[in-house]
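Dear colleague,

I am handing over the structure below, and I would be grateful if you could look through it alongside the notes that follow.

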Amino acid sequence: MTTTTRRSVLGLIGASGAVLATGALAGAASAATPGDLRAFDQFLRDQGFSGSYLFVHRGRTVAAGSYGRANDAALNGPDTRFAMASVTKLFTAVAIAQLAQARKIGYGDKLGAFLSGFPAGIAETVTVHHLLTHTSGLGDVFTMPGYLAEALSWTSVDQVMNGTTDYIRRATLGFPPGAGFEYSNAGYHLLGMIVARVSGQSYYDYVREQVFRPAGMTSTDFYLRPQWHADPRIAHPYAVQPSGEYLDSIDRRLYVGTPAGDAFSTCADMARFARALQGSTLLDAAFTPLTLGGKVPLGPPTTGPAPAVPPVAFQCYGPMKTLANHQWVTGHSGGAPGTSTDFQMYLDSDWVSVILSNRDFGAGGVPPWPAKARELITA
């Protein structure tokens, strides 16, 4: 489910204020200045941004701010928990890498070695590598006929996990595994099912214990839809309507997030995740670069305006890696009704940017702030 955010006409802006703190900028390969980051803050205001953002350099906060409403009971703030949409795939990818590091999974292992009920043409040809790199041919479960209408009626974690898997079992391949690239929520859901099968725990318990906890992500979790309705700490997703209004879209989201999307986190927790991932807390010194290294070259984006210069970009084992002004930028973005998220690690200059919004830009829309942040940090 990929959408992104536009300016509100519902008066949801209600700024809770930006906080700026200069960090140790000297010596960076390329570093934005505090003045640049104040300009970014103004840029967000001008765009009617609703959400929170955080820039970290060498482990120190350089700029942060929060604007708009989280829900009827609270403004967005630094402790607001946002649905992460597809940024969640990074947690799933790390879980797979941990199990590969423990020699419990091989990247060349076939899907059928872990999960039953798939046709031989899928079970015996799709590998863990294909699932991680969106080259399996399985595509997007959210576009499968009847899936979303049924999935929105599910009211238990098991229904979401097992029901989604059953839909994928009935899918056909869009191309032979390895012969193409198609962004695949179906593939990442199956990776989560593999995590559960191999670890002997639920996917959710494994990620809580082996990813969130060691990374110090104390405000990150998977919340149920009733909790999303009731907890004022969690930002509601406001989806743009054809009229231009923004309406709460919680009931257009699944009962619980899946391995492909909708864990909940804060900007600070995502910065902790970056530090833990780069610092070999979550993976060892061999599997960290393996996970973050480019695997499949990517073409130009299929949504938004065509870039003047074709990008140099790669799909990694989870993240996407793009060359921007001679710096590699590694991370993931996410979008769903009422959600636009972006998380990037600038490995050459030791920056991390996190931008989390509880609004979307409508079908096919692309929010402007990730590109603006990248421009400032790599200029």
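How many aromatic pairs does the structure hold? The structure holds 20 of them, where rings of Phe, Tyr and Trp (its six-membered ring) are paired if their centres lie within 6.5 Å, and where planes under 30 degrees apart count as stacked, over 60 as edge-to-face and the rest as tilted.

Before the details, please keep in mind that this is a predicted model, in which local features need pLDDT of at least 70 and side-chain atom pairs count only at pLDDT 80 or more, whereas totals for chains, interfaces and linings use all residues. Residues are numbered from 1 along each chain as its sequence is written, and side-chain values use heavy atoms, with hydrogens and water left out.

On confidence, the protein chain averages a pLDDT (the predictor's confidence in each residue, from 0 to 100) of 90, and 88% of the residues score at least 70. Over residues 1–30, however, the pLDDT is below 50, although this stretch has 124 contacts in the model beyond near neighbours in sequence, a contact being heavy atoms within 4.5 Å.

To return to the aromatic rings, Y203 and F222 have their ring centres 5.8 Å apart and their planes at 70 degrees, so the pair is edge-to-face. Y203 lies in helix α8 and F222 in the loop between α8 and α9, so the pair ties together parts that are 19 residues apart in sequence; helices (H or I, at least four residues) and strands (E, at least two) are DSSP runs, numbered from the N terminus. Y203 is buried, with a relative accessible area of 1%, and F222 is buried as well, at 4%, where buried means under 20% relative accessible area, exposed over 50% and partly exposed in between (1.4 Å probe, protein chains only). Both rings belong to one aromatic cluster, which is formed by F91, Y203, Y204, F212, F222, F273 and F343.

Two members of that cluster, F273 and F343, are also the residues with the most contacts inside the largest nonpolar core, which has 79 residues. Such a core is a set of buried Ala, Val, Leu, Ile, Met, Phe, Trp, Tyr and Cys residues joined through side-chain atoms within 4.5 Å. Helix α2 (residues 89–101) gives the most to this core, with 9 residues. Leaving aside residues up to four places away in sequence, F273 touches L90, F91, V94, V211, A215, M217, L282 and F343. A second, separate core of 20 residues includes Y53, W369, A373 and I377.

Turning to charged side chains, a search of the whole structure finds 8 salt bridges, each defined as a side-chain nitrogen of Lys or Arg within 4 Å of a carboxyl oxygen of Asp or Glu. In one of them D221 pairs with R208, the closest N and O atoms being 2.6 Å apart. D221 lies in the loop between α8 (203–215) and α9 (225–230) and R208 in helix α8, so this pair ties together parts that are 13 residues apart in sequence. R208 is partly exposed, with a relative accessible area of 27%.

The side chains of R253 and D262 also meet in a salt bridge (2.9 Å, N to O), and here both residues are buried. A further salt bridge joins D269 and R272 (2.6 Å, N to O); being 3 residues apart in helix α10 (residues 267–278), these two are separated by about one helical turn. D269 is buried, at a relative accessible area of 0%, whereas R272, at 30%, counts as partly exposed. Elsewhere, salt bridges that share partners join D205, R208 and D221 into one network.

Charges also sit over rings, by which I mean that NZ of Lys or CZ of Arg is within 6 Å of the ring centre and within 35 degrees of the ring normal. K295 lies over the face of Y317, at 4.5 Å from the ring centre, and R359 lies over the face of Y246, at 5.3 Å.

Not counting residues up to four places away in sequence, P297 touches A313 and F314, while T322 touches V312, A313, Q327, W328, V329 and R374.

With best regards
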